[in-house]
Protein chains: 2
Amino acid sequence: MADERRYRIGEFAKLVGLSTYTLRYYEDQGLIKSQRDENGVRYYTDLDIRWVGFILHLKGTGMRLNDLKRYVKLRAAGDATIPARREMLQKTKDDAEADIAELQMHLQVLSHKIDWYDGKVDHTIADSESFHDYLQRFNHQ
Amino acid sequence: MADERRYRIGEFAKLVGLSTYTLRYYEDQGLIKSQRDENGVRYYTDLDIRWVGFILHLKGTGMRLNDLKRYVKLRAAGDATIPARREMLQKTKDDAEADIAELQMHLQVLSHKIDWYDGKVDHTIADSESFHDYLQRFNHQ
DNA sequence: GGTTGACTTAAAGTGCACTCGAAGGTGTTT
DNA sequence: AAACACCTTCGAGTGCACTTTAAGTCAACC
């Protein structure tokens with residue numbers, strides 16, 4: 001209720017960690033709204049901080065601007081779109097989890113390579129053993 | 001040793017999951033090498049499959065082309081660069097792990113939002129409770 | 001002998017998400 | 001009165017990693 005505190009774009013930008021350029025760009029794109037004072041100068045409130053924060057969580061999970069726009073439109077269309085929004089978030093979540101799984105798979109190879117380098121340096125791995133052969137050791141099952 | 005089997009670029013592209021364009025581009029950039037037959041046509045061997053596979057693991061963990069180029073140069077410079085290469089991989093690994101941690105943090109908020117939607121739909125969360133308030137429940141400690 | 005797949009260089013195009021600048025304006029602070 | 005922060009439109013620039021095209025040549029397969 002009490003959104004007394006008003007932030008102009010410069011201050012707001014610092015609070016949310018975006019540039020003023022980006023804030024205007026997001027507004028153009030329909031992702032965020034701002035209010036205007038009597039001189040036409042944008043201002044934001046604490047509610048806007050929360051909203052931008054949430055947008056950044058969505059972006060942080062890999063959601064694209066286009067999907068974000070779609071989400072915002074659904075939101076504006078009222079509670080009837082909650083199931084659709086839920087589905088969007090679920091898909092985003094599933095995708096992100098798949099990305100993490102893939103990333104971790106790549107990371108595992110990378111970790112083995114680091115170990116292999118260490119083995120080469122301290123001679124606990126034979127000079128003759130290639131990384132490919134070394135990797136085979138871990139590919140049982 | 002026995003790298004009898006030769007793959008021309010089209011076949012090789014399918015094997016490694018890259019386009020022929022990309023393979024030539026990577027060769028331009030110095031990331032991969034190819035051999036040539038008597039007509040000047042590129043061919044690759046099983047060793048090249050492994051190498052591209054490894055490159056893709058590195059890319060998969062978020063390594064940039066420029067860093068990949070640097071890595072390849074170090075590799076070409078011999079065993080003396082193993083510590084430097086190891087460091088590159090370690091940094092890539094650390095960065096990727098930081099990325100995952102951040103991603104998971106964002107995912108957690110997203111999961112809560114999904115739960116919140118579910119709570120709204122089945123009325124186990126009061127109509128009056130905002131997501132922001134709901135989130136506070138999980139921010140103790 | 002036509003289709004397919006390869007070759008070359010160099011340049012332009014794509015997609016995403018900003019990021020910046022020009023040019024001219026208003027209002028507040030020092 | 002200058003400096004500063006904001007406003008507008010809108011087009012151009014950035015960075016990354018490809019992706020495609022053009023235009024011409026060459027060789028193998030059916």
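Hi everyone, this is a short tour of a predicted model with chains A and B, going from chain A to where the chains touch.

A word on conventions: local features need pLDDT of at least 70 and side-chain atom pairs count only at pLDDT 80 or more, while totals for chains, interfaces and linings use all residues. Residues are numbered from 1 along each chain as its sequence is written, chains are lettered from A and ligands numbered from 1 in the order in which they are written, and side-chain values use heavy atoms, with hydrogens and water left out.

Let's start with chain A. Its domain assignment gives domain 1 (1–60) and domain 2 (82–141); such bounds come from an automatic or database assignment. The C-alpha centres of the two domains lie 39 Å apart.

From the unreviewed UniProt entry, "domain: HTH merR-type" covers residues 6–74 of chain A, and annotations like this may be inferred rather than shown by experiment. That span is 61% helix and 10% strand, where helices (H or I, at least four residues) and strands (E, at least two) are DSSP runs.

Now, how many residues of chain B are in contact with chain A? There are 33, meeting 34 of chain A, with contact meaning heavy atoms within 4.5 Å. The buried area is about 3200 Å², 76% of it from carbon and sulfur atoms; that is the accessible area (1.4 Å probe) lost on putting the two parts together, summed over both.

The count of salt bridges between the chains is two, each a side-chain nitrogen of Lys or Arg within 4 Å of a carboxyl oxygen of Asp or Glu. One of them joins A:Asp118 and B:Arg86, with the closest N and O atoms 2.5 Å apart. On the side of chain B that touches chain A, α5(B) gives the most, with 23 residues.
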